[in-house]
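Please read them alongside the coordinates.

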Amino acid sequence: MYMYHSKWQKFRNNRKSFYSLIIFLIIFIFSLTIELYSNDKPLLVKYDGQYFFPVINSYSETTFGGDFETEADYLDPYVRNLIEQKGYLIFPLLNYSFDTINYHLSSPPPTPPSKENILGTDDQGRDVFARLVYGLRISLIFGLFLTIISSIIGVFIGAASGYLGGAFDLFMQRFIEIWSGLPTIFILIIMATFIIPSFWWLLLIMTLFSWMTLVGPVRVEFLKGRKLEYVLSAKAIGVKESNIILKHILPNSMVAALTFIPFILSNSVIILTSLDFLGFGLPAGTASLGELLSQGKNNPHSPWIGLTTFFTLSFILTLLIFIGEGIRDAFNTE
């Protein structure tokens with residue numbers, strides 16, 4: 001624990017990386033709670049003495065004295081008037097979700113930034129800011145899931161290859177050489193034509209090609225670690241193989257693995273954005289950074305769509321690179 005505490009202090013002393021981590025966490029937490037700031041549903045509705053939370057639950061129009069059993073449209077003046085006759089509504093700061101269409105634009109969409117739509121609207125009249133933040137959340141969550149799963153697989157295979165050695169290690173190295181040489185993007189595009197793209201399908205497919213990053217460094221650490229004197233001594237006195245791996249070798253190998261994680265995350269975000277940009281990513285209508293970049297390409301006369309997405313993506317990736325450099329320097333023993 002003392003070792004990791006000293007590494008943390010060294011990371012904190014790197015102001016560029018430390019502040020990048022703080023900014024990234026603020027942006028990520030903001031994106032996770034975006035429904036509280038930008039949504040077409042009220043945060044709270046008081047009607048006829050009862051309290052309702054449309055952000056959490058769905059309520060039909062008949063709940064508030066309307067005529068239809070479908071979910072209430074709280075932006076509809078008729079529904080709002082029904083509620084305000086016996087209560088009130090509290091809306092978020094911005095009344096737009098990622099799929100909310102603004103039907104009251106002063107000109108045909110896409111429209112430039114205004115007081116009502118701070119980053120303008122896309123070619124379907126949807127708020128760019130809302131789609132940007134909702135899309136950023138999906139990209140970061142997808143990247144985190146992919147990073148965690150692929151890291152676990154990579155560490156496991158790297159540890160097994162380095163510790164067991166022999167024929168298993170030789171087989172895995174040849175397999176990785178062949179597997180890593182496959183054109184990942186083209187395979188993903190081909191597979192997307194056979195299945196209906198979804199968050200979990202893309203995660204599964206991309207995991208098949210993302211686990212190899214950590215195999216190399218973890219394997220090298222296990223190859224070195226299994227020959228160290230304290231490991232050989234532990235074997236001689238009868239310590240279980242599992243204890244030797246988990247308590248003696250794995251902690252040291254994780255030092256090398258941790259330095260790669262921010263770069264794996266940034267690469268995961270780039271791949272998902274690329275697939276969405278090409279039209280082989282998340283389902284149509286889903287808020288995504290790649291879809292916004294594609295709209296920017298298709299609407300050169302509306303530069304606010306592409307530019308805001310480009311600068312947002314560049315800023316996030318820059319933060320991740322700075323964080324990765326800070327972790328690398330913190331664990332550097334030279």
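1. Buried here means under 20% relative accessible area, with exposed meaning over 50% and partly exposed anything in between. By that cut-off, aspartate 122 and arginine 126 are both buried. The two residues form a salt bridge whose closest N and O atoms are 2.9 Å apart.

2. Aspartate 122 also pairs with arginine 131, at 3.8 Å between the closest N and O atoms. Salt bridges with shared partners join Asp122, Arg126, Arg131 and Glu291 into one network. Arginine 131 is classed as buried because its relative accessible area is 1%, and aspartate 122 because its value is 0%.

3. The model is predicted. The protein chain has an average pLDDT of 87, and 98% of the residues score at least 70. Confidence is lowest in helix α1 (residues 2-13), with a mean of 75, and highest in helix α2 (residues 15-32), with 94. Where pLDDT is low, predicted coordinates should not be read in detail.

4. How many salt bridges are there in total? The count comes to 11. One of them joins lysine 16 to glutamate 325, with 3.5 Å between the closest N and O atoms. This pair links distant parts of the chain, as lysine 16 is in helix α2 and glutamate 325 in helix α13, 309 residues apart. Lysine 16 is partly exposed because its relative accessible area is 42%; glutamate 325 is also partly exposed, at 23%.

5. Helix α13 (residues 303-330) also holds isoleucine 327. Beyond its neighbours within four places in sequence, isoleucine 327 is in contact with Phe11, Leu258, Thr259 and Pro262.

6. A nonpolar patch on the surface is formed by Phe145, Ile148, Ile149, Ile152, Ile153 and Trp200, which together have about 580 Å² of accessible area. Helix α4 (residues 128-164) contributes the most to this patch, with 5 residues. Phenylalanine 145 lies in helix α4, and it counts as partly exposed because its relative accessibility is 36%.

7. Helix α7 (residues 199-210) reaches 16 Å from its first C-alpha to its last over 12 residues, close to the expected 16 Å. Its buried residues are Phe199, Leu202, Leu203, Ile205, Met206, Thr207, Phe209 and Ser210. These pack against α4, α5, α6 (184-192) and α11 (261-278).

8. Is phenylalanine 194 buried or exposed? Its relative accessible area is 69%, so phenylalanine 194 is exposed. The residue sits in the loop between α6 and α7. Between the C-alpha atoms of phenylalanine 194 and leucine 136 there are 27 Å in space, and 58 residues in sequence.

9. For α11, the end C-alpha atoms are 26 Å apart, which agrees with the 26 Å that its 18 residues should span at 1.5 Å a residue. Among the buried residues of α11 are Pro262, Ile264, Leu265, Val269, Ile271, Leu272 and Asp276. Glycine 279 follows α11 and has a positive phi, near 90°.

10. Aspartate 169 belongs to helix α5 (residues 166-180). With a relative accessible area of 10%, aspartate 169 is buried. Not counting residues up to four places away in sequence, aspartate 169 touches Ser161 and Arg219.

Definitions and conventions
Residues numbered from 1 in each chain as written. Predicted model: local features only at pLDDT ≥ 70, side-chain atom pairs only at ≥ 80, totals over all residues. Heavy atoms only, no water. pLDDT = per-residue confidence, 0-100. Helix = DSSP H or I, 4+ residues; strand = E, 2+ residues; numbered from the N terminus. Patch = residues over 30% accessible without salt bridge, like charges linked within 9 Å, V, L, I, M, F, W, Y side chains within 5 Å. Areas by Shrake-Rupley, 256 points an atom, 1.4 Å probe, with all protein chains shown as cover. Salt bridge = Lys/Arg side-chain N within 4 Å of Asp/Glu carboxyl O. Buried < 20%, exposed > 50% of the residue type's maximum accessible area, 1.4 Å probe, protein only. Contact = heavy atoms within 4.5 Å. Expected span 1.5 Å × (residues − 1).
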